[in-house]
Amino acid sequence: MPSEESVEQPPVIQRRILLLLAAGFTISTIAKLVFLSERAVYEHIAALKSATGAKNQFALGAEAAKRGWL
């Protein structure tokens, strides 16, 4: 049974950004792949870090995996 936290999924664009980050892509490459500016990608990452309480991108990846978002 999934945990309560995994039920609330982030928007599709944020999940795609998370997956690309986890795969090791740079912000510049992610921006090109999702057709956004680098600033927009950083803003999505900041929103995800805020939502999860993560202090950095590594912690964000760990929290996303724990919540079943990856």
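**View 1. Gln14 and its contacts in the predicted model.** Gln14 touches His44, Ala47 and Leu48, leaving aside neighbours within four places in sequence. This is a predicted model. Gln14 sits in helix H2, which covers residues 12–22. Its relative accessibility is 11%, so Gln14 counts as buried. The cut-off for buried is under 20% relative accessible area.

**View 2. Helix H2 against helix H4.** Helix H4 runs over residues 38–52. H2 and H4 pack at an angle of about 95°. Their axes are 10 Å apart. H2 and H4 are therefore roughly perpendicular to each other. From H2, the contact takes in Ile13, Gln14, Ile17, Leu18 and Leu21. From H4, it takes in Val41, His44, Ile45, Ala47 and Leu48. By class, the contact of H2 with H4 has 8 nonpolar residues and 2 polar ones. It has no charged residues.

**View 3. Lys49 and its surroundings.** Lys49 belongs to helix H4. Its relative accessible area is 23%, so Lys49 is partly exposed. Lys49 is in contact with Ala54, Lys55, Asn56, Gln57 and Leu60, not counting residues up to four places away in sequence.

**View 4. Helix H4 against helix H5.** Helix H5 spans residues 57–66. H4 and H5 pack at an angle of about 60°, and their axes are 10 Å apart. H4 and H5 are therefore oblique to each other. The crossing of H4 past H5 is left-handed. On the H4 side, Ile45, Leu48, Lys49 and Thr52 take part in the contact. On the H5 side, Gln57, Leu60 and Glu63 meet them. The residues of the contact of H4 with H5 divide into 3 nonpolar, 2 polar and 2 charged.

**View 5. Confidence along the predicted protein.** The protein averages a pLDDT of 91. Of the residues, 90% score at least 70. Confidence is lowest in helix H1, residues 4–7, at a mean of 50. Confidence is highest in helix H3, residues 27–33, at 98. Where pLDDT is low, the predicted coordinates should not be read in detail.

Note on methods: Residues numbered from 1 in each chain as written. Predicted model: local features only at pLDDT ≥ 70, side-chain atom pairs only at ≥ 80, totals over all residues. Heavy atoms only, no water. Helix = DSSP H or I, 4+ residues; strand = E, 2+ residues; numbered from the N terminus. Buried < 20%, exposed > 50% of the residue type's maximum accessible area, 1.4 Å probe, protein only. Contact = heavy atoms within 4.5 Å. pLDDT = per-residue confidence, 0-100. Axes fitted to C-alpha atoms, helices over the stretch in contact; angles between N-to-C directions. Parallel < 35°, antiparallel > 145°, perpendicular 65-115°, else oblique. Nonpolar A, V, L, I, M, F, W, Y, C, P; charged D, E, K, R; others polar. Left-handed = near helix turned anticlockwise from the far one by under 90°.
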